[in-house]
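Let's take a walk through this predicted model, with an eye on charged pairs and on a bit of sheet.

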Amino acid sequence: MTAPPPSSTPVLSVVMPAYNGAALIGETLDNLRAQTMPDFEVLVVDDCSTDDTRALLAGWPDPRVRLIALEVNGGPVRARNRGAAEARGRYIAGIDQDDLSRPDRFARQIAYLDADPATVLLGTAAEQLVDGAIRPMNYPATTTPTLIAWLSWIENPLVWSSVMIRADAARRLDPFTRPDILYAEDFDLYHRLQALGRIARLDTPLTIYRQHDGGVSKRFADTMAASATRVLAEAHDTRLGDQAPAAAAALVAHNMAKAPVRDLATLKLIGSTLVELESAFLAQHRPDRFDRMLIAAETEKRWTAIRRTALRAGTLGLDAITASSQPTLEASGTNTLLWSGLIGTARRAQRTLAAKRP
């Protein structure tokens, strides 16, 4: 496929930070050539790669791809901010150097944003590429802007490589993404942008997120968790007061990272935090009946999953689950929890036996 000549005022600017991406960035750029909406530029900001990334980009045959070669390594957030500053498009799309997009992604997102000026950021549903196979991701199948807003109170609701932002909204933020919120800067951005308009998601999977050992989410998990905790603690400081840091840390560890809860106090903290935040969100946003149903269902799903994970891991028993009960969050899931409790009991017994063996 022959790429069209670059436009001086493209509809869309795609911003892609790059660092030692020679192994995969070519596939990502080749993938973008299949987009049905061709009026875009790709700003690849190379953050002083030590591999062949710059040489590959310097000779890239698509004239819409522009290399911005940084002189000093400053990390992915500063690279992304540089790309956003040089973007000429009406919209800015995020994508990482190793992720992929379905051919109609850009066209569908632009059509939505053109039709709904109140939306400042639009993501898409995503799939994941693992060991050569495309698999679903653990995100809600059905969303509304109100549900996305609620989920942002307790987790990161969008895949960064799926988002598209109004450039005029992006330019109102200084900085575009905050360098001190490293590896959760997208999560922080969603919170900051909600002061300017709605964020939403197309529920069709138009993004493919590549899972591999070299990915940021695996290499910098601790930094990501600390940054995400800071985002939630800052977001809920006025609602939760002194409890905000501990509540945020618990949500990040056990709702976002799926680590099993190991003590009853933490489980009670998570349950009470979910109840308090949900009540505050409903009072502030006054969602309609459908949105209330979605919020209740997704919140219950997370509360059930948190307790089920602890039961299955054997870190907590059914007595702790009963003691942490939050009736406003629990409409179903009892059978699932009982089964998980049986599995956890068996695992605790196995560990006890193993400890007694010589």
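Start with Asp104 and Arg108, which form a salt bridge whose closest N and O atoms are 3.8 Å apart. Neither end is hidden away: Asp104 is partly exposed, with a relative accessible area of 28%, and Arg108 is partly exposed too, at 35%.

Now look at Asp46 and Arg54. Their side chains also meet in a salt bridge, this one at 2.5 Å from N to O. Is Asp46 buried or exposed? Its relative accessibility is 0%, so Asp46 counts as buried, the cut-off being under 20%. Arg54, on the other hand, comes out at 29% and counts as partly exposed.

Glu330 is partly exposed, at 24%.

Pairs aren't the whole story, though. Arg178, Asp180, Asp188, Arg192, Arg230 and Glu234 are joined up in a network of salt bridges. Across the structure, the salt bridges number 23.

Pick out strand 4, residues 91–94. Which strands does strand 4 pair with? Strand 1 (residues 12–18) runs parallel to strand 4, and the two share 4 bridges. Strand 8 (residues 164–166) pairs with strand 4 in the antiparallel sense, over 3 bridges. Ala93 makes a handy landmark for both pairings: Val14 stands opposite Ala93, and in strand 8 the bridge partner of Ala93 is Met164.

What about the faces of this strand? In a regular strand the side chains alternate between the two faces of the sheet. In strand 4, Tyr91 and Ala93 are on one side, with Ile92 and Gly94 on the other. All four are buried, so both faces of strand 4 are covered.

Conventions
Residues are numbered from 1 along each chain as its sequence is written. This is a predicted model: local features need pLDDT of at least 70, side-chain atom pairs count only at pLDDT 80 or more; totals for chains, interfaces and linings use all residues. Side-chain values use heavy atoms; hydrogens and water are left out. A salt bridge is a side-chain nitrogen of Lys or Arg within 4 Å of a carboxyl oxygen of Asp or Glu. Buried means under 20% relative accessible area, exposed over 50%, partly exposed in between (1.4 Å probe, protein chains only). Two strands pair if DSSP finds at least two bridges between them.
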